[in-house]
Each structure stands twice: as C-alpha cells, then as structure tokens.
Amino acid sequence: MSEAAEEANTYEDQDYELTETSIGAFEWVSEVLGFVPSLNKLRGSTSDDWIDRISHMYTVLMLVVFAIVVSSGQFFGDPIHCWCPAEFTDAFEEYTKYVCWISNTYYIPMTDSIPDEDEIRQEKELTYYQWIPLILLLQAFLFKIPNIAWRMLNTQAGINIDKVVRLAEETQDGSPEDRLETIENLAMYMDKWLGTYQEYKRNIIVRVHAQMTKVMCCLMNRRAGTFLTGLYMIIKIIYVVNAISQFFILNAFMATDYNMYGIQYIESLIKNEPVRENPRFPRVTLCDFRIRQLQNVQPWTVQCVLPINLFNEKIFIFLWFWFVLVATLACFSLLKTAIYHIFKQNKIRYVKKYLKISNEIHSNYDKKLCAQFAEGYLRNDGIFVLYMIAKNSTDLVVVDLMRELWKIFKAKHSPNNNVANNHAGIEDNEMAPPLGEKEPLTDDAYQPQ
C-alpha cells in the first residue's frame, strides 16, 4: 500500500473517532439537559389559575435562579476581602479571609467609633449572608408547598382534574370527529362521577349538613359536592398566609426590620436622597478573630468588604416588591373565590350563560330546570371542574361540554324519572309541563351574560 493511501486511511480513522466523540458528547449533554425541568413540568398542575401559578411556578423559579446566582458568587468567586496588617503573610491573609467568612462580621458605620465591649459588637453581627442561598431555596420550597398539597389531595374527590382539563385542552387540536367523541366521553365520565357521589339519604341531618357545607365550603363534603371547592379555598388561604409570612421569615433570619425595607427605599427615592450604604446589606464590615501563637492569644480586628452584598441588596429589594404583589394577588383571588362560591346565584348565572350560548334554554321550565341542573346535579364541585377547564382551555370547550351534560341531565331527569329527580332535588311540583304549554323566552333571555 502506498504512503498516500495509508495517510488517507489514517485521516478517515481520525474523522471516525472524532465523529464518535462528537456523538458521545452530544448524548452526554442531552442526558444532562434531560434533568433540567421544562416550564411545563414546573407548571405542576393544570387545575389552578394564573394567580396560583405566580406563586408556585414563577416565584419558585425566580428564587431558585437567585439562589444559584448568589451561591455561584460565594463558591466560585471571592465573597469577602479583608484589609490585613502589613506584617501578615500570604498564608495569614488567606486564613483571615476564610475565618472572617465563616464567622460573623459586624457592621459599624464609618462615622461611629468601634465599641470596646464584645457584647455590643455581637449585637451588630450579620448572621445571615453565608446562608442566603439556603434561605432563598427554603422560600422557594414554601411557595411550592400549597401546589404540592393541592395535587396530592384533589384526587380524593373521586376525579382526576388534571387529566380532565388536559383532555379538554387537547380537543382544540384534533379533528371535529375526535373532538366530539372526546367531549362526549368527558361528559359521560363527569356524569358518572357526579352520580356516584350524590346523597342517597334525604333525612333532616343530611339536609342540614348539606346546607352548612354550601355556606362553609371548608367542611369539604364529597356527597354534598363541596370537597373540591372547600379544598381549593383552604389552598387559597395557605397561599395568602405563605406570601405574608415571607416578610416575618426574613425578619427572623436577617434580624432586621425587613417589613419596612421597601417603604424606606421608596421614601429615599421620593426625597432624592443619595444612595448610602444600607445597614441591612453593608458592603464594609469589621471582623474580630484571635490567633494563638505558642502560649499567647493575639486578638485582631480587620476591615472587610463583602462584594456579594451588592447583589443581595438588589435581590431582596426586588423580592420585597414582588412579595407585596404576590400577597395582594393572593388576597384578591381568595376574596373573589369565596364570594363566588358562597352565593349560589353566581353558580346558576355561570351555568345559564353557557347554556344560552349553546341555545339550550327555550322555555321558563328550562330556566327552572337550569337552577336544578346547577344546584342539584353539577353542584359546587362540578361547576368548579368546568371553571378550571375554561381557565386552562377555551370557553368553546366548556360550551360543548356543558351542552352534553345538559342533554344527559334532561334525559335522566325527565318527568317520568322520579328516582333521578329526587336525587337531583327536584320536587313533584317542579316537573315539566306538557310540551304544548312551554312558553318561549323573550329576546332578552338570549343575550349572553
């Protein structure tokens, strides 16, 4: 074989090895990136609203990113620099830097004299800056807890809300035949679920308990149709408590008045005051340590600079305003949800709106039956599932699904079906009049709400 041929074979072998190496590296990167969760995975659940996702998704993601930024500055950079005496060697300076980082420094303004008493110095110590990444990760976990609790407990209602919402959302991408089939299957599935958890006893105790659960949703009665709504109200309360408690948690960790941090920052901006060193996140601090030399213990006080506090200050001033926004939205969402579920007319109006859009109400009897459809058949939990579908897909899906459930309800609760009527709470004097006696609605009745 000639030298040229051998050289060509050598290049081909090298190209092959390079290709194999590239493929192996690409597969390794793909495996590593596979562990990084996407936003869809971080979303966690489709059975909540956008205000809940601000807490358990966007806030968690933001806190994790901040924790990574701060920890990278601590572990891969120089989080502290100390001005050491001239007689310190390089080893002494390195030791001083590490001992001042792991021990707590303290802040004394430049205009004040350094106190001689150790007790006063200890009162001025900064005990939090080493633990900022862990504090941020703890906050992220606390914001995720309500969503974890919701996902674990909502299945106890007897229905998989996430799967129902996901199937309803997927109907927008399929063919008309597949869409109709999926809507019909969802309607049959919800009808079976609603019928399974109906009250089978109608004594005075059951009725009183049912009325109490309608007013106090937190009692969470599956057969009264208030389990999901009651659980959702409790989760909403946890979101509010968690958002407000973040200020007190940071007060405890930082030993500072964090509640007033944002207000003081706004006041300084309004007064056009010059930017001064913040005593909550000081950049220049003092550090006391002792060095043992034979039988002598030599105390030292050095001045240190904390560059990491430049980032901590900006991060926590942003988090102050963000937590205020999250707490405000959580309180608004809780109040809105409570008002909606306490007053039954809201639920009847919600159901009637979609039935009018699909042109399913044709008489005064249909109006009366619509109230029974909302209160006795769907109840709070059924309407809640439809509300979640509307929030996570479109109103068109809810219109079709509501129409199918309405057809099933009318077929089951016809005037001749007394057993089903009793389960839905329809009395004998509320039965349908003959077909010839049905009165058409006026034009105003067909205006969507």
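Colleague: In which helix does methionine 388 lie?

Modeller: In this predicted model, methionine 388 lies in helix H14, which spans residues 364–392.

Colleague: Why is methionine 388 called buried?

Modeller: A residue counts as buried when its relative accessible area is under 20%. Methionine 388 has 0% relative accessibility, so the residue counts as buried.

Colleague: What makes Ser47 a contact of methionine 388?

Modeller: Contact requires heavy atoms within 4.5 Å. With neighbours within four places in sequence left aside, methionine 388 is in contact with Ser47, Asp48, Val165 and Tyr232. As for isoleucine 161, its C-alpha is 8.5 Å from that of methionine 388, although 227 residues separate the two in sequence.

Colleague: What percentage of contacts in the protein chain join residues at least 24 apart?

Modeller: Among contacts between residues at least 6 apart in sequence, the share is 73%.

Colleague: How do you know that cysteine 82 and cysteine 304 form a disulfide?

Modeller: The cut-off is a pair of cysteine sulfur atoms within 2.5 Å. The sulfur atoms of cysteine 82 and cysteine 304 are 2.1 Å apart, and the two form a disulfide. Cysteine 82 belongs to strand E1 (residues 81–83) and cysteine 304 to strand E3; this pair links distant parts of the chain, 222 residues apart. Both of these cysteines are buried.

Colleague: Why is the disulfide of cysteine 82 and cysteine 304 called right-handed?

Modeller: The torsion about its S-S bond is about 95°, so this disulfide is right-handed.

Colleague: What is the handedness of the link of cysteine 100 and cysteine 287?

Modeller: That link is left-handed, with -95° about the S-S bond. Cysteine 100 sits in helix H4 (residues 90–102) and cysteine 287 in strand E2, so the pair ties together parts 187 residues apart in sequence. Their sulfur atoms are 2.1 Å apart, and both cysteine 100 and cysteine 287 are buried.

Colleague: How many disulfides does a search of the whole structure find, and how are the bonded cysteines paired in sequence order?

Modeller: The search finds two disulfides. When the bonded cysteines of the protein chain are numbered in sequence order, the pairing is 1-4, 2-3.

Colleague: Why is cysteine 84 in no disulfide?

Modeller: A disulfide needs sulfur atoms within 2.5 Å. The nearest cysteine sulfur to cysteine 84 is that of cysteine 82, 5.9 Å away, and cysteine 84 is in no disulfide.

Colleague: What makes cysteine 84 buried or exposed?

Modeller: The limit for buried is under 20%. Cysteine 84 has 13% relative accessibility and therefore counts as buried. Cysteine 370, with a relative accessible area of 0%, is buried.

Colleague: What makes strands E2 and E3 a pair?

Modeller: Two strands pair if there are at least two bridges between them. Strand E2 (residues 284–293) and strand E3 (residues 296–305) are joined by 10 bridges and run antiparallel. Glutamine 293 stands opposite asparagine 296 of E3. The hairpin of E2 and E3 has two residues between the strands, and there leucine 294 takes a positive phi near 55°.

Colleague: How many helices and strands does the protein chain have, and what percentage of its residues count as buried?

Modeller: The secondary structure comes to 16 helices and three strands. Of the 449 residues of the protein chain, 42% count as buried. The accessible surface of the chain comes to about 25,600 Å², and 60% of this belongs to carbon and sulfur atoms.

Key
Residues numbered from 1 in each chain as written. Predicted model: local features only at pLDDT ≥ 70, side-chain atom pairs only at ≥ 80, totals over all residues. Heavy atoms only, no water. Helix = DSSP H or I, 4+ residues; strand = E, 2+ residues; numbered from the N terminus. Buried < 20%, exposed > 50% of the residue type's maximum accessible area, 1.4 Å probe, protein only. Areas by Shrake-Rupley, 256 points an atom, 1.4 Å probe, with all protein chains shown as cover.
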